[in-house]
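Reader: Please take a close look at a single part of this structure, the surface between chains. Then carry the account on into the chains themselves.

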Amino acid sequence: MSSLTAKDKETVKAFWAKMASKAQDIGADALNRMLIVYPQTKTYFSHWKDLSPGSAQVLKHGKTVMGGVEYAVTQLDDLKAGLLSLSELHAFTLRVDPANFKILSHNILVVMAITFPEDFTPEVHVCMDKFLASLALALAEKYR
Amino acid sequence: MVKWTDQERSTVRAVWEQINIDEVGPEALARVLIVYPWTERYFGSLGELFTASAVLNNAKVAAHGRVVLRALDEAVKNMDNIEDTYAALSQLHYEKLHVDPDNFRLLADCITITVACKLRSAMGPQVQATWQKFLSAVVDALQSQYH
């Protein structure tokens, strides 16, 4: 997959600026959808007491994940370097199958579409999809 | 064969009723061509597809988008028999059009996102789950005659 062009990075930053204030809600909604639409992802959260929508754990974790995405937006010029320690975390401690990054990305895109139907044009869609794919690749860097 | 609960049937129908085929078809097809540009390999006859605005302004893309969504209407009307309903379409996509079936998944995702833009909060997580289950059944049916 290609890396982000200068125009892609501009588009990602501009769209992120619009959604920044809603980032936590978007994260929680996306995570929630992932757990419901792709129930196999629940296997990573068997240690949570409450996986229901709106549960404190889901909300908190959605916030954590979106914090990571927000950080990635500041590291667009070198996602691999920027996400090194997050990659080590996912590779050695969490051991999340990287196929799930694509699943969560899809749900983030769905929530972006729902929250910003006018702004989430096909041009913005392709840039955000590329960004999340690059993020996922950087996150998988230390796996093997 | 896919099993549907009554709840799932009414969810799919309710989503479908809220969709304007003539709007969603063109937009979903435009999205797949823009977001996943390699899909253009199958649309040589549609003319200018080089830029996002060319795709969005292309009347042939819009017309074909409507064709695709009208075919989806057949699946909505025949939820218990999507595989048989789509047998001929599957053969067409394999033998004549030579479409890699992964592209069906890409288009399905773009349809979901286009519908999400229209339905907004009406596409809650359970609705999304049911809708995606329906589109998966359609994608499987489209792949059924590949051998």
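**The interface**

Author: Contact, meaning heavy atoms within 4.5 Å, joins 21 residues of chain A to 22 residues of chain B. The model is a predicted one, in which local features need pLDDT of at least 70 and side-chain atom pairs count only at pLDDT 80 or more, while totals for chains, interfaces and linings use all residues. Residues are numbered from 1 along each chain as its sequence is written, chains are lettered from A and ligands numbered from 1 in the order in which they are written, and side-chain values use heavy atoms, with hydrogens and water left out.

Between chain A and chain B about 1900 Å² is buried, and carbon and sulfur atoms give 64% of this area. Buried area here is the accessible area (1.4 Å probe) that two parts lose on being put together, summed over both. Of the area that chain A buries against chain B, 27% is supplied by Ile114(A), Pro122(A) and His125(A), more than by any other three residues.

Polar contacts do cross between chain A and chain B, in 9 residue pairs with both members at pLDDT 80 or more. A polar contact is a pair of N or O atoms within 3.5 Å; within protein, one must be able to donate a hydrogen and the other to accept it, and residues adjacent in sequence count only if both atoms are side-chain atoms.

On the side of chain A that touches chain B, helix 2 (23–37), helix 6 (99–115) and helix 7 (122–139) of chain A each supply at least two residues. Helices are DSSP runs of H or I with at least four residues, strands runs of E with at least two, numbered from the N terminus. Helix 6 of chain A gives the largest share of this side, 7 residues. By type, the side of chain A that touches chain B has 12 nonpolar, 6 polar and 3 charged residues. Ala, Val, Leu, Ile, Met, Phe, Trp, Tyr, Cys and Pro count as nonpolar, Asp, Glu, Lys and Arg as charged, and the others, Gly among them, as polar.

Over all chains the structure holds 13 salt bridges. One of them pairs Asp8(A) with Lys130(A), with the closest N and O atoms 2.6 Å apart. Asp8(A) is in helix 1 (residues 6–19) of chain A and Lys130(A) in helix 7 of chain A, so distant parts of the chain, 122 residues apart, are linked. Asp8(A) is buried at 8% relative accessibility, and Lys130(A) is partly exposed at 22%. Buried means under 20% relative accessible area, exposed over 50%, partly exposed in between (1.4 Å probe, protein chains only).

In chain B, Glu8(B) and Lys133(B) meet in a salt bridge of 3.1 Å, N to O. Glu8(B) belongs to helix 1 (residues 6–17) of chain B and Lys133(B) to helix 8 (residues 125–143) of chain B, so the pair ties together parts 125 residues apart in sequence. Glu8(B) is buried at 15%, whereas Lys133(B) is partly exposed at 30%.

Another salt bridge of chain B joins Glu27(B) to Arg31(B), with 3.2 Å between the closest N and O atoms. Glu27(B) and Arg31(B) are both buried. Salt bridges that share partners join Glu23(B), Glu27(B), Arg31(B) and Lys118(B) into one network.

Note on methods:
Salt bridge = Lys/Arg side-chain N within 4 Å of Asp/Glu carboxyl O.
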